[in-house]
There are 2 protein chains.
Amino acid sequence: MHETLIEYIRERSQTALTSDDIALIEKAFMPKRFKKRQYLLHEGEICKCLFFIVKGAVRQYSVDDKGGEQILNLGIENWWAGDRESFHKEMPTIYNIDAWEETDALLLPKLYYNEVNAMTAFSEMRVLLDDNQHFANQRRLKMSINHTADERYDDFIKSNPLLVQRFPQHVIASYLGVTKETLSRIRSSRLVKK
Amino acid sequence: MHETLIEYIRERSQTALTSDDIALIEKAFMPKRFKKRQYLLHEGEICKCLFFIVKGAVRQYSVDDKGGEQILNLGIENWWAGDRESFHKEMPTIYNIDAWEETDALLLPKLYYNEVNAMTAFSEMRVLLDDNQHFANQRRLKMSINHTADERYDDFIKSNPLLVQRFPQHVIASYLGVTKETLSRIRSSRLVKK
DNA sequence: CGAAAATTTGACATGACTCAACTGGAGTGG
DNA sequence: CCACTCCAGTTGAGTCATGTCAAATTTTCG
């Protein structure tokens, strides 16, 4: 389990990992397996850990008045999950995160967060990650504000080819902010064109 | 000019500023005044500085095929502007940033960025800022995906009361991703209710 | 096989856009 | 001070994209 994360950090930082660093990572990150549909985080809880997905697939979503699930984020191998706002401010989260496939994750509890973050390689990785996430969010925001469902789906396929294969259409539809019926129609009208 | 920024950093960091720090800030940040409608950043350029708005109001927007301006961000006093992606990756930006009011800004060129960021107080402030921006973006994304124009306008008023007073309706409409006509109708139907 | 989940399809409703006209300031120059 | 223009905002009619609801079909998986 931990080797995946160690490799992940190595690929995303300049600084080499010392054996102390590795020991800290193995101590701070607790492996946990989640079954399909099991919650990593539940609405109303305080998000007490960050999750590194070693294997599997998860959804982050909120639930509206009608009981509909509105998917905000999807994650698979080598992604992070958790509600950053709830984690940092220690306030109840409005999101659910659950496992779509059986998922192996490494849990970083708040207790160790500062210690781990003091590690140079980790902190370099985190800065890089923050930047990339910011860019991705900005892009998604722009798409979501200014573009049609069809264009958003296009952009999604191009920027997230890995996710397309791992989640069913109705989940992707919700991620894009359209109904499953609309996405189905978008797809069928494409088959005609090609 | 610089006192505003220094105060801004003080309020957002634990660590006190040394006189060396202050000297560095005064050296690294170049004051510049922009007239109404003057560009801070133009589509196709590489974003060579980050802007701290001391006074005034700016818009960040992209232009679509039809020549329509799609506003992605608005900024006023004590906000940062610039295209982070273009700045970091040194790639041409797809955005324009221009002054909506006459604007005083402090320009931090890339040359000094690392040096300034090595300052503890600044870096603390930056982490805080990144977090808050992340939360705000996440919130806006959620609104934009799952909510009607009416609800988005509501949320906008609540979370950005300062911006409401500084920009005309058609600018806010574009920020929300609706036409000015739609926003006008939303507002008039509210007057009836109350 | 049989049940549950996912996708497709159709009919219809509706929110938001487009286009065009009109109103009402806010400046500006004579 | 008036005429003129520019810009923001409003209003109406028609259209289009997407949502809703209900049913049929296909796929998945125990």
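Trainee: Which residues surrounding DNA strand C are the closest?

Mentor: Around DNA strand C there are 16 residues, and the closest are Pro168(A), Gln169(A), Ser184(A), Thr148(B) and Thr182(B); a residue is near a strand if its C-beta atom, placed from the backbone, lies within 6 Å of it. This is a predicted model, in which local features need pLDDT of at least 70 and side-chain atom pairs count only at pLDDT 80 or more, while totals for chains, interfaces and linings use all residues. Residues are numbered from 1 along each chain as its sequence is written, and chains are lettered from A and ligands numbered from 1 in the order in which they are written.

Trainee: Which elements give two or more residues to the surface near DNA strand C?

Mentor: Helices (DSSP H or I runs of at least four residues) and strands (E runs of at least two) are numbered from the N terminus. Here, helix H8 (169-176) and H9 of chain A join helix H6 (149-159) and H9 of chain B in giving two or more residues to that surface, and the largest share, six residues, comes from H9(A).

Trainee: Which residues come nearest to DNA strand D?

Mentor: Of the 16 residues around DNA strand D, the nearest are Thr148(A), Thr182(A), Pro168(B), Gln169(B) and Ser184(B).

Trainee: How many residues of chain A are in contact with chain B?

Mentor: Contact is judged between C-beta atoms, placed from the backbone, that lie within 7 Å. By this criterion 17 residues of chain A are in contact with 17 residues of chain B. On the side of chain A that touches chain B, S5, helix H3 (84-89) and helix H5 (120-146) each supply at least two residues, and H5(A) gives the most, with 11 residues. By class, that side has four nonpolar, seven polar and six charged residues.

Trainee: What rotation superposes chain A on chain B?

Mentor: Two copies of a chain are related by a rotation about an axis and a shift along it. The copies are superposed by least squares on the C-alpha atoms of residues with pLDDT of at least 70 in both. For chain A on chain B, the rotation is 180 degrees with 0.0 Å of shift along its axis (RMSD 0.0 Å), which is the relation of a two-fold axis. In chain A, the C-alpha of Leu141(A) is nearest the axis, 2.8 Å from it. Both copies use the same surface, since 100% of the contact residues of chain A recur in chain B.

Trainee: Where does the domain assignment place the domains of chain A?

Mentor: Domain bounds come from an automatic or database domain assignment, and for chain A it gives domain 1 (2-129) and domain 2 (147-194). Their centres, taken over C-alpha atoms, are separated by 26 Å, and eight residues of domain 1 of chain A are in contact with seven residues of domain 2 of chain A. On the side of domain 1 of chain A that touches domain 2 of chain A, strand S4 (57-63) and strand S5 (69-76) of chain A give two or more residues; S5(A) gives the most, with five residues.

Key. Two residues are in contact if their C-beta atoms, placed from the backbone, lie within 7 Å. Ala, Val, Leu, Ile, Met, Phe, Trp, Tyr, Cys and Pro count as nonpolar, Asp, Glu, Lys and Arg as charged, and the others, Gly among them, as polar.
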